[in-house]
Amino acid sequence: MQVRKFLPAVALAAVLLPTMGLAQEADAVPTFDEIGPYIMTTLLFCMAGFLVFFMAAGFAMLEGGLVRSKNVTMQMTKNIALFSIAAIMYWLMGFNLMYPAEWTIANWVGPFFSQTVLDPVGVAAADANLGYASVGSDFFFQLVFVAATASIVSGALAERIKLWPFLLFVVLLTGVMYPISGSWQWGGGWLSEAGFSDFAGSTIVHSVGGWAALAGALILGPRLGKYGKDGRVNPIPGSNLALATLGTFILWLGWFGFNGGSQLAMGTVGDISDVSRIFANTNMAAAAGAVAAMILTQVMFGKVDLTMVLNGALAGLVSITAEPLAPTLFGALWIGAVGGVIVVFAVPFLDKLKIDDVVGAIPVHLFAGIWGTIAVVFYNDGASLATQLMGIAAYGVFTFVGSAVIWYVLKMTVGIRVSEEDEMMGLDMSELGMEAYPEFSKG
């Protein structure tokens, strides 16, 4: 009976004594308040990166549905190849070129010759960058953005460009051009210091892809039969609008990671609340862009044009990308709706200029990207119209001129366009020797 009286005291001592003995060591272990933001932000980058990676499938399905069946395999090949090339080039030089440790000549030129190095296996808290996130998660999240930029170019130049010259352009775009211009803002460069604002990349990602596509389309020329000698525009319908619609929904889904992950933090109540706000605004802008394009095509053409509705949704997404946090839901609605209207007018405008953009990438990513970057000034008190226009012009001149030079050099050396005979046959057979739908072609 006496033993039972002492059992609680013995148990308490068994718990307290080891704790008291290890008190000094426990003090050296970081608390969750110290490591929590690092863990949650790393998780945000990984999850958002997964979503943006899935946008690669969205681009592939959208392009596969909007090209003719004889060119579908080529678009699938280009999309998986460009993502793979982007992954390698961004590791090889792009990531360190875009994010120099400090803005000195040595630190900026050095990354041309240095590769990304991840955190050590099982890195200790004392050695991790607790103020941000793991190197691997940051690298992966930034990588999927550069791949999206290259995908924009792929769709615009479909059905008449050779595979290998296109992939050579992707090497330079993802390894050099995009990282250099991206460093101006997201790498803490001169545009960032000037006050330019582009939250998730209406200009830095989408307009850059649009400018590169525009330069390529001008130098490459339109598809055979697209424009008549009398100035008539001949429609060339895509092979599978169901596939194009699926691609649009995949892109819509991926955009939650694109914009939400660009909060770049998930360690506080405010951060995670902001991420949810970004999701809601992103969704509203897409919906408004689709509805605006639907109504406008009904009014202008007497019938709803599905391809315009799909691109209207994408234009709404691009439009809100420069500032998805600050607007109200109504603000996101009207910003996205303007993007949808821009697409409906921009597509025939390009046709009048005889600029052949197969999937509407230039109206969606370039024109709506410019609009979205300007629209920042309506809800971000820290942004000025003059600075926004300066940033738009800087990215436009650098990317368009640089891309035009690369496209022209490729045209004069290896050639960028297939022969008329190969174009009529289709790039699937002429370039790859296989078809996406062999049963249909054989009758």
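Val 299 has its place in helix α11; helices here are DSSP runs of H or I with at least four residues, numbered from the N terminus. The model is predicted, so local features need pLDDT of at least 70 and side-chain atom pairs count only at pLDDT 80 or more, while totals for chains, interfaces and linings use all residues. Residues are numbered from 1 along each chain as its sequence is written, and side-chain values use heavy atoms, with hydrogens and water left out.

Val 299 is exposed, with a relative accessible area of 65%. On this scale buried means under 20% relative accessible area, exposed over 50%, and partly exposed in between, with a 1.4 Å probe and protein chains only. Val 299 belongs to a nonpolar surface patch together with Val 291, Met 294, Ile 295, Met 300, Phe 301, Val 304, Val 341 and Phe 345. Their accessible area together is about 800 Å², by the Shrake-Rupley method with a 1.4 Å probe, where for residues only the protein chains shown count as cover. Patches are made of residues with over 30% relative accessible area and no salt bridge; nonpolar side chains (Val, Leu, Ile, Met, Phe, Trp, Tyr) are joined within 5 Å, and like charges within 9 Å. Two helices, α11 (269-301) and α13 (329-352), each supply at least two residues of the patch. Helix α11 gives the most, with six residues.

The next topic is charge pairing. Side chains of opposite charge can pair when their charged atoms come close. Four salt bridges are found in a search of the whole structure, each defined as a side-chain nitrogen of Lys or Arg within 4 Å of a carboxyl oxygen of Asp or Glu.

One of them joins the side chains of Glu 159 and Arg 68, at 3.2 Å from N to O. Glu 159 lies in the loop between α6 (135-156) and α7 (163-185) and Arg 68 in the loop between α3 (32-66) and α4 (72-98), so the pair ties together parts that are 91 residues apart in sequence. Glu 159 is buried, at 2% relative accessible area, whereas Arg 68 is partly exposed at 21%.

Asp 356 and Arg 223 form another salt bridge, at 2.7 Å from N to O. This pair links distant parts of the chain, 133 residues apart: Asp 356 is in the loop between α13 and α14 (361-375), and Arg 223 in the loop between α9 (202-220) and α10 (241-260). Asp 356 counts as buried at 1% relative accessibility, and Arg 223 counts as buried at 4%.

Glu 423 forms a salt bridge with Arg 417, with the closest N and O atoms 2.8 Å apart. Salt bridges that share partners join Arg 68, Glu 159, Arg 223 and Asp 356 into one network.
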